[in-house]
Amino acid sequence: MTKKQKRVLCRILLSFGLMVILAFVPAEGILKFGLYLIPYLIIGYDILKKAVLGILHGEVFDENFLMAVATVGAFALGEYQEGAAVMLFYQIGELFQSVAVGRSRRNISALMDIRPDYANLEKEDGSLEQVDPEEVEIGSVIVVKPGEKIPIDGEVLEGSSVLNTSALTGESLPREVTVGDACISGCVNESGLLKLRTTKEFGESTVSKILDLVENSSMKKARTENFITRFAHYYTPTVCYGALALALGVPLLNLLLGHPAAWGDWITRALTFLVISCPCALVISIPLSFFGGIGGASAKGILIKGSNYLELLSQTKYVVMDKTGTLTKGVFQVTEIHPEGQFTRESLLELAACAESYSNHPISKSLRQAYGKEVDAERVSDIQEISGHGVTALVDGRKVAAGNGKLMRQLGLSADEPEAAGTVVYVAVDGVYAGYLLIADVLKEESARALKELKAAGIKKTVMLTGDGKKAAESVAAQLSIDEVRSELLPEDKVEQVEALLASKGKKEVLAFVGDGINDAPVLSRADIGIAMGALGSDAAIEAADIVLMDDNPRKIALAIRISRKCMRIVYENIVFAIGVKFLCLVLGALGKASMWLAIFADVGVMVIAVLNAIRCLKVNAGDLEA
Amino acid sequence: MKKTYKIEVDCANCARKMEEAAAKVEGVAAATVSFMTQKMNVEFAEGADAKAVMQDVQKACKKVESDCEIYL
């Protein structure tokens, strides 16, 4: 508890003790009024002060005002005990709320506790100094001891170790690093001493970006949250006028109709009405639910950039996925080599590897890997990349073209299509077809279950987009039981495909796109929700997506959807429960059936229950994801 | 220009009031207050002097919520 909270607690205890004693004091009239005024002022002076200040600043109709009017009114009617009790319970409720919210805020922050406190900076004379990570400049040398967090992104200069990425990904998958490897801040150094040269400033490091993202997530408010804000805006004044109508309108009407006015009775009802009406339960529990959901998800390595995305995610009906890197490992291996005519397996592979030697595409990498030798850069010239087709280059003076079927057709060559699934790289030399290499990508172990879980989570349709050939794509789709496949797509076609899907879906249905965030940034931003996967160490993915999965387990897609659904269910539960109970009690209050004590329950009790319910959002049942 | 300030505020409704008050201050293009993270994001209008504007923001917030604190 903070100092402020402790002070309120003391006031509550003091005032409660006095009230208990006063219950046995047989004072009457003005003496009773004076005696009850003591605990009332002890507990409520700040509320009264705020209410007066509020009126002076033109900010009437807040909860302080409601409480002040209700309790002062009760005193005026001679119900001293009730008046003081209402204030007492109101303060107890407020204290509870502030403690509960503070605690869950700290819990959530603890889940996201990846902020490094210091960096061990190595000085020129070789001695170490503990400094604030923000003070470390790019290119400095820092030392990370076993058990410490890596404070800043960097490259290993000396030493080797195993890193624990669990604070970032939610799963403790050890990552081995040695001299020359890049280290991501936020990981914990498990075994050896590491000396790093920093490659970024602290503010640009992974850990800062993630913290920034999570801390700002509650700034982007969900529609439901905005609804509550608007609701509170109209609700409180409406209730105040309602109370006024009860207190003045009904007795006046009675007088006009010739009945006794019954002022006391109707004013009591109006005051009860005011106590019930306090909108705190909604105003506090809804943001708390969203915050809990986002916090719980981030502990599982799922970063959600705002409450609005959490809300959208829960309505997801279509999941469109990129194939490479999302459903497959994105690790390509040459599995078959089919030379034609005078070419041998070795010469075909060599030509393909040379032609693709400048490309960073995973397929090119796997060709070079299969070739196994360094490509002499001088042998290759005149390289042209044709997006979505392949490359052409001069290798040892011969014109080599390597790419897909489209490239061959462009060159006016016909190539046989292999039976096996995979990506085919056709090679033509000096305009003559020379054969093909088959490169297969391996499916992730979790992909099949991930798709099943999506279906179980009520996803209507799953679609896979890929630049690969039809056969390879369809074989993957069949293995994973994906509903629809769009193959042989250029990067810009993917945006078109997603737009077509967006146009054909229902208005309330949400389309999520999942990609690895590297080549599909436009698609990520075009879809209703962009989910980037395997984002550890990729700034581009963190920037472009609405939801970031820190590791590359596709089952987290369904987990994220489940978390969002649970969170939204709790949000709606709280809205219906709080508004329902309040409305019921308001009606009872207006009819004179509700006592001041019921009113206190409707205010404080409902809020406590709603807050406790909201805290459930924090708990994520990941099932057997870790197993 | 966008800046984030640490704040101290007791209730969600008060945070909402601060947000409304801050957004109305001259020189502020947009303001959001997060009760959960106890932070205020202020986007300043073009050419506004952040320091001077924040003084006004603080005044405006104190007016609607006397208990709040903005750490400049």
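Okay, let's start in chain B: strand 1 and strand 4, which covers residues 69-71, pair in the antiparallel sense over three bridges. Pairing here needs at least two bridges found by DSSP between the two strands. Strands are DSSP runs of E, at least two residues long, while helices are runs of H or I of at least four residues, both numbered from the N terminus. Before I go on, this is a predicted model, where local features need pLDDT of at least 70, side-chain atom pairs count only at pLDDT 80 or more, and totals for chains, interfaces and linings use all residues. Residues are numbered from 1 along each chain as its sequence is written, with chains lettered from A and ligands numbered from 1 in the order in which they are written.

One facing pair is B:T32 and B:N41. These two strands form a hairpin with four residues between the strands, and B:Q38 takes a positive phi near 55° in that hairpin.

Now over to chain A. We've got 20 helices and 22 strands there. Its radius of gyration is 33 Å, well over the 25 Å from the globule rule for 627 residues, so chain A is more spread out than a compact globule. For the record, that radius is taken over C-alpha atoms, and the rule is 2.2 Å times the number of residues to the power 0.38. The C-alpha trace of chain A spans about 115 × 70 × 40 Å along its principal axes.

How much of chain A counts as buried? The figure is 45% of the 627 residues. Buried means 20 or more other C-beta atoms within 10 Å of a residue's own, exposed means 12 or fewer, and partly exposed is in between, with C-beta atoms placed from the backbone.

A:L246 counts as buried because it has 22 C-beta neighbours inside 10 Å. Leaving out residues up to four places away in sequence, A:L246 touches A:W266, A:R269, A:A270, A:F273 and A:A590. Contact means C-beta atoms, placed from the backbone, within 7 Å.

Key:
Two residues are in contact if their C-beta atoms, placed from the backbone, lie within 7 Å.
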